[in-house]
Amino acid sequence: MIHMPGILLDREEWERYEKMNNEDTRMIIDCDTGIDDALAILYALRAPGVSVEAITTGFGNIDVQQAAENTLRLLALARPEREIPVAVGASQALVREPGIYSPHVHGMNGIGGVLLPPSAQQPVSESSAELIVRLANEAPGELVLVTLGRLTNLALALELDPALPGKLKKVSVMGGTVYNPGNVTPVAEANIWGDPEAADRVFSAGFPLLMVGLDVTLKTLITEQHIELLKRLGKPDNLPVIKFMEQTLGHYFKFYREANYVLNGAPLHDPLALMAALQPDLVTTRRMKVRVEQKGEFTAGMVVADLRPQPKVGEYIEVAVDVDAQRAVGAFLSVFM
Ligand code: BDR
Ligand code: CA
């Protein structure tokens, strides 16, 4: 057991965690590679038993070309055993005007201004939606899809293949909030707000879907102390990615301090959605019928959950309502140590 202020890491917990992941999980990550997307990707690349089959990118934190570029550079830094295809996807929402990006949250280049060396790898020629559909059809029922950005690519994939919901093993979505306030408007979370029409189509389509939103991600904080711990105890092979995490999180910590009064820490939004896909007991879930508000002047992008005893509005999805945050953060750190 390692004790530091605010940190309790239990080696037995890590070993249990590693055992739980021994059954191979084949995963597609759909993302808008900003700071926490990058942490989620690095986690997936290091997590035991996880095979990342593809990374599909879309607009969101930054434009889609930058999201793909960040992904390729991150892969070059992390050096996975085999090349992971990277696709370029949606450059704007389904029906809304091209969006506003988030340089104040993620920096001008999406990864906190950190300059990673270029990669020799090129994106594949298929779009993100095409790649998701092809891989799901090649291995029906086997792939876990984790979405960390707008749901535009998945909505486009659904248009290409309306039977897609029955071909994915699980879809874990970072997005939305039910009980918490929003983070871009009083009621909307960024990934849902950025393309509410896409989110509503995806939530209504019958995917085996878990929504991992602000209700749980805001409780799951990575802090400067955690990074210090990683710098001291990280495997030597992981020191380049740990150095990247320290640099990119510097920007994120500053944003969360100034905008949200979080002291020297930031939520693991995207990593938690990915970890919950691998280890469901990190979160407590509740089955809810939901729709996504698309019209309201002040409420567009709100996830409207019908919590009445006899719900009538929307389709059922699983929603993460609580998290074992300490265990989640410990699980995150453990793969780099
Ligand atoms: C989500 O929005 C983006 O800023 C993050 O990458 C995360 O996916 C949190 O609301
Ligand atoms: Ca994201």
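**Ligand 1 and its surroundings**

A polar side-chain atom of N183 sits 2.8 Å from an oxygen atom of ligand 1, a polar contact being a pair of N or O atoms within 3.5 Å. This is a predicted model, in which local features need pLDDT of at least 70 and side-chain atom pairs count only at pLDDT 80 or more, while totals for chains, interfaces and linings use all residues. Residues are numbered from 1 along each chain as its sequence is written, chains are lettered from A and ligands numbered from 1 in the order in which they are written, and side-chain values use heavy atoms, leaving out hydrogens and water.

E189 also reaches the ligand, with a polar side-chain atom 2.4 Å from an oxygen atom of ligand 1. For N191, the corresponding separation from an oxygen atom of ligand 1 is 3.0 Å. Of the 280 Å² of accessible area that ligand 1 has on its own, the protein covers 96% (Shrake-Rupley method, 1.4 Å probe).

The residues around ligand 1 (a heavy atom within 4 Å) are D36, D37, N61, H106, L148, M174, N183, E189, A190, N191, H269 and D270. By class, this shell has 3 nonpolar, 5 polar and 4 charged residues; Asp, Glu, Lys and Arg count as charged, Ala, Val, Leu, Ile, Met, Phe, Trp, Tyr, Cys and Pro as nonpolar, and the others, Gly among them, as polar. Helices α2 (35–46), α7 (190–193) and α12 (269–278) each supply at least two shell residues, helices being DSSP runs (H or I) of at least four residues, numbered from the N terminus.

Turning to another helix, K243 belongs to α11 (residues 239–260). K243 has a relative accessible area of 52% and so is exposed (over 50%; 1.4 Å probe, protein chains only). Between the C-alpha atoms of K243 and G301, 58 residues apart along the chain, the separation is 35 Å.

Key. Polar contact = N/O pair within 3.5 Å; in protein donor to acceptor, adjacent residues only side chain to side chain. Buried < 20%, exposed > 50% of the residue type's maximum accessible area, 1.4 Å probe, protein only.
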